[in-house]
Amino acid sequence: MEVEAVVNASTVRSWLEGAAASVREQRDYLTQLDAAIGDADHGTNMDRGFTAVVEKLESLEELPPGKVLTTAGSTLVSTVGGASGPLWGTALRRAGRSLGDAESFDGADLLAALEAALEGVVELGAAQEGDKTMPRTGCGPRSRCRRPRGAPRISGSAASAIRIRARPRRR
Ligand SMILES: [Mg+2]
């Protein structure tokens with residue numbers, strides 16, 4: 001039987017909860033980094049934003065995965081401020097819009113969503129190739145990021161990092 005990996009809204013919620021926990025854990029370190037070149041508020045700002053994301057999502061019932069991401073993005077924009085709020089917010093909103101209203105998505109959809117997020121960040125920040133900016137950590141050279149559509153595989157660490165369930169391929 002041919003199977004495909006699909007991701008649903010509860011998995012996306014758990015990704016965001018995981019991100020919030022990591023940001024909380026690294027809050028002081030992020031702030032130290034910002035202190036070297038900025039105004040020493042990055043960890044505090046990101047923690048406030050992701051805490052708000054988790055609270056917002058807890059207050060909302062069932063949403064499709066794309067709507068979970070657009071909601072998270074809008075929450076970051078309105079709570080983080082500075083450059084980080086719009087950048088991360090745009091990334092999540094673009095990814096969410098790319099996923100649309102589907103109840104679940106597969107590896108090819110995920111890559112399209114990541115590509116949309118990256119494009120949003122590049123547009124907003126006017127990033128150039130080689131700049132030491134967010135897109136550099138996004139997924140590297142596009143040629144390595146892209147996978148042909150119709151090859152819905154999530155492999156390696158990405159697969160173990162998320163809870164995936166297999167189901168028969170739709171006809
Ligand atoms: Mg700052």
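A residue is buried if 20 or more other C-beta atoms lie within 10 Å of its own, exposed if 12 or fewer, and partly exposed in between, with C-beta atoms placed from the backbone.

Before you start, note that this is a predicted model: local features need pLDDT of at least 70, side-chain atom pairs count only at pLDDT 80 or more, and totals for chains, interfaces and linings use all residues. Residues are numbered from 1 along each chain as its sequence is written.

**The whole chain.** Show everything as a cartoon. You will find 9 helices and 3 strands (DSSP runs, numbered from the N terminus: helices are H or I with at least four residues, strands E with at least two). Of the 171 residues, 30% count as buried.

**The core.** Now select Leu69, Ala72, Ala91, Leu92, Ala95 and Ala117, the residues with the most contacts inside the largest nonpolar core, which has 29 residues. At least two residues of this core come from each of strand E1 (3-8), helices H1 (9-25), H3 (42-58) and H4 (65-80), H5 and H6.

**Two helices together.** Next, colour H5 (residues 84-99) and H6 (residues 107-125), which pack at an angle of about 145 degrees with their axes 7 Å apart. The axes are lines fitted to C-alpha atoms, for helices over the stretch in contact, and angles run from 0 to 180 degrees between N-to-C directions. Among the residues making the contact are Pro86, Leu87 and Arg94 of H5 and Asp109, Ala113 and Leu124 of H6. Two residues are in contact if their C-beta atoms, placed from the backbone, lie within 7 Å.

Then pick Thr90, in helix H5. Is Thr90 buried or exposed? Thr90 is buried, because 20 other C-beta atoms lie within 10 Å. Leaving aside neighbours within four places in sequence, its contacts are Gly73, Gly120, Val121 and Leu124. Try the distance tool on the C-alpha atoms of Thr90 and Glu119: 9.6 Å separates these two residues, which are 29 residues apart along the chain.

**A last stop in a loop.** Finally, go to Ala40, in the loop between helix H2 (27-37) and H3. Phi of Ala40 is near 55 degrees, a positive value in a residue other than glycine. Ala40 is partly exposed, with 14 other C-beta atoms within 10 Å.

Methods:
Core = buried A, V, L, I, M, F, W, Y, C linked by C-beta atoms within 7 Å.
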